[in-house]
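Hi,

Here is the structure I promised to pass on to you. Have a look at it first, and my notes follow below.

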Amino acid sequence: MKKTAIVSLFLFLLIIPLAACNQQANKEIKKVRVAEVTRSIFYAPQYVAIAKGFFKEEGLHVELATTWGGDKTMTTLLSGGADIALVGSETSIYVYSQGTNDPVINFAQLTQTDGTFLVSREKIENFTWDQLKGSTFLGQRKGGMPQMVGEFVLKKHGIDPHKDVKLIQNVDFANIANAFASGTGDFVQLFEPTASIFEQEGKGYIIASFGTESGHVPYTTFMTKQSFIRNNKDTIEKFTRAIYRAQQWVESHNAAEIAKAIQPYFKDTDLSIIEKVVDRYKSQGTYATNPILDKEEWNNLQNIMSEAGELPKHIDHQTLVDNSFAEKAMAK
C-alpha cells in the first residue's frame, strides 16, 4: 500500500508541471484568421507555410477561410471577419480611394505575376492572339486584377477587348469555369488547377499565359487594416517570417516535392495535376521568392489599372505598402 501511494504521489507531482507547461504553451499560440480570395495552387507558398509547420513554429495558428472573390474577401476583412486577407493589391487601392480612417496595408507579397491562363474550347495549333478577334471571350469579374490584366494583354497584342471580341464579364468568379464547361464562350481566362483539369478532361486547351505576358505585378498580397498592424506588430512580424520561410522552401524544392506538401489542400485534384501546375508557375516566376512589394511592381499594377479605366487615383507606394516586416524577416 505504502509503495503504491508513493508511486501515485510521484505521478501526481509529475503531471502538475506537465499540465502547467501545456497550459502555458496553449496561451502562447496566437490564432490568426486569414481570408484567401480563392483556393488555388497559385498560392502554394501559403499552404507550404501551414503544412510544414512554419506558422506553428512562430506560435501562430492560422485559421484559413476561402471567400471566393476580391469584393467578398475585402468585405470580410473590413467587417472584422478576418485578421488578414490574401487578395489582389488593387482592392487596397479601391478601399483607400473611397475614403477611410483605417486603410488596408499590403505587408507581404505572395505572387508576382498573373495566375490565369487563356483556354480555348477547340485545340489550336500555332496560336496567335489575333485569333481572338470576332470570338466570344469569357473574362473575369470587372474591376478585379484578372480582368484588368486580361484586357491589358489583349491591348498589348492590338486587340480592343470592347470592340474586337464579345467580352462577357458578368459571371460570378466562382461560376466562370462552370459557365465555360456549359458552352459559354470560345475562350476563357482561368486559374489553375481548373485550366489543367479542363485540358485533361478535354473541355478546353491551355494556349497562353497571362502571367508571362503581363510582367511582374503585386498580384496577390497579404494585407490587413492599419489598426491591426498597430496593435499586433509581433503577430505580423511572425506571420511574415513564416511566409518568407515558405517562399524560400518553394524556391529550393522541385515541383514534385511542393505538390506532395500542398496536396492536402487539393484533395479532389490528382497529384500529377498539382505537380504540373506548380511546375508551370515556377517556370514562369509566379511565386515571389521574398515578401517585398517594390515600387516598380506597384507602379506596374497602377498602370494596368489605369489602362483598364479602373484606377480611381494614383496612390504612392509608401501610402499602402509596408515592407518593414518583410525586410526584417529577410534580415534574420
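Strand E1 (residues 30-36) runs parallel to strand E3, and three bridges join the two. Within this pairing, valine 34 stands opposite isoleucine 84 of E3. Please keep in mind that the model is predicted.

E3 also pairs with strand E10 (residues 220-225), again through three bridges, but here the strands run antiparallel. Leucine 86 has phenylalanine 222 in E10 as its bridge partner.

Which way do the side chains of E3 (residues 84-87) point? Ile84 and Leu86 point one way, Ala85 and Val87 point the other way, and all are buried.

The largest cavity holds about 200 Å³ of space. Its lining is made up of 18 residues, and Val37, Gly70, Met145, Pro146 and Phe173 lie nearest the centre. By class, that lining divides into nine nonpolar, seven polar and two charged residues.

The second largest cavity has about 40 Å³ of space. Among the residues that line it are Phe137, Pro146, Glu151, Leu167 and Gln189. Helix H6 (residues 145-156) gives the most to this lining, with four residues. Here the classes are three nonpolar, six polar and one charged.

How values were computed:
Residues are numbered from 1 along each chain as its sequence is written. This is a predicted model: local features need pLDDT of at least 70, side-chain atom pairs count only at pLDDT 80 or more; totals for chains, interfaces and linings use all residues. Side-chain values use heavy atoms; hydrogens and water are left out. Buried means under 20% relative accessible area, exposed over 50%, partly exposed in between (1.4 Å probe, protein chains only). Two strands pair if DSSP finds at least two bridges between them. On a 1 Å grid over the protein atoms alone, a cavity is a set of points where a 1.4 Å probe fits but cannot get out, and a pocket is an open set with protein on both sides within 12 Å along at least five of seven lines; lining residues have an atom within 4 Å of a point. Grid points are joined across faces, edges and corners, and a volume is the space filled by probe spheres set on the points. Ala, Val, Leu, Ile, Met, Phe, Trp, Tyr, Cys and Pro count as nonpolar, Asp, Glu, Lys and Arg as charged, and the others, Gly among them, as polar.
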